[in-house]
Amino acid sequence: MKKFFTLLCCLAALAACQPQEPDRAPLEQYAKEHMENPASYEFANLSMRRDHTFLADLAAYKSGLEKLAAQAPDPAPYRTEIDKVEDLMAEFGTQVACYDRTLYFWFLGGSSGQMKLQQFVIGRFSPDGRLLEVSMDPDEFSTYPALQILKDRGLL
């Protein structure tokens, strides 16, 4: 029993020494730079990754193009774009274009400056973990980021 307890303590110590997630640091920095009372910052939670794949965004775009082609008097331009989208779907497949993480935190604020309030920061990261965008307003991010990435690359 004594050996088990020692092993359990060692495992707990190792877990406590693990480095924090690399996505957390830039989100915390942004939060502290954009909050009322940075000294009162208290970490609450970091969400799981929400991946944005090329395939999902391209499928949504293709669906919209198909609806437009069905209503258009001349569907040829839409068909050309649909063919291009299908080629991109085959090329990129389920590759992750980027991912989002949300950092939740507590801080002291309000009129008295003593009320414990919760806020969040959303970050969009490249597949290699580089911060692309960060905001406290989720409406600032594009709904289909993979399409925007393809457009920025000149592929759409």
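## The largest pocket

The largest pocket has 14 lining residues, and C98, L132, P145, I149 and D152 lie nearest its centre. Elements giving two or more residues to this lining are β3 (96-109), β5 (131-135) and α5 (145-152). Helix α5 supplies the largest share, 4 residues. The pocket holds about 200 Å³ of space. By type, its lining has 6 nonpolar, 3 polar and 5 charged residues.

A pocket is an open set of points on a 1 Å grid over the protein atoms alone, where a 1.4 Å probe fits, with protein on both sides within 12 Å along at least five of seven lines; lining residues have an atom within 4 Å of a point. The volume is the space filled by probe spheres set on the points, which are joined across faces, edges and corners. Ala, Val, Leu, Ile, Met, Phe, Trp, Tyr, Cys and Pro count as nonpolar, Asp, Glu, Lys and Arg as charged, and the others, Gly among them, as polar.

## Basis of the model

The model is predicted: local features need pLDDT of at least 70, side-chain atom pairs count only at pLDDT 80 or more, and totals for chains, interfaces and linings use all residues. Residues are numbered from 1 along each chain as its sequence is written, and side-chain values use heavy atoms, without hydrogens and water.

Helices (H or I, at least four residues) and strands (E, at least two) are DSSP runs, numbered from the N terminus.

## Helix α4

Helix α4 (residues 76-92) has 17 residues. Its end C-alpha atoms are 24 Å apart, close to the expected 24 Å; the expected span is 1.5 Å times one less than the number of residues. Buried here (under 20% relative accessible area, 1.4 Å probe, protein chains only; exposed is over 50%, partly exposed in between) are E81, I82, V85, L88, M89 and F92. Seen down the axis, they fall within an arc of 120 degrees, so they line one face of α4. The arc is that of directions from the helix axis to the C-beta atoms.

These buried residues pack against α3 (54-71) and α5, with contact meaning heavy atoms within 4.5 Å. On the other side of α4, T80, D87, A90 and E91 are exposed. G93 follows α4 and has a positive phi, near 50 degrees.

In α3, F54, D57, L58, K62, L65 and A69 are buried.

Q148 lies in α5. Its relative accessibility is 36%, so Q148 counts as partly exposed. The C-alpha atoms of Q148 and D57 are separated by 9.6 Å, though the two are 91 residues apart along the chain.
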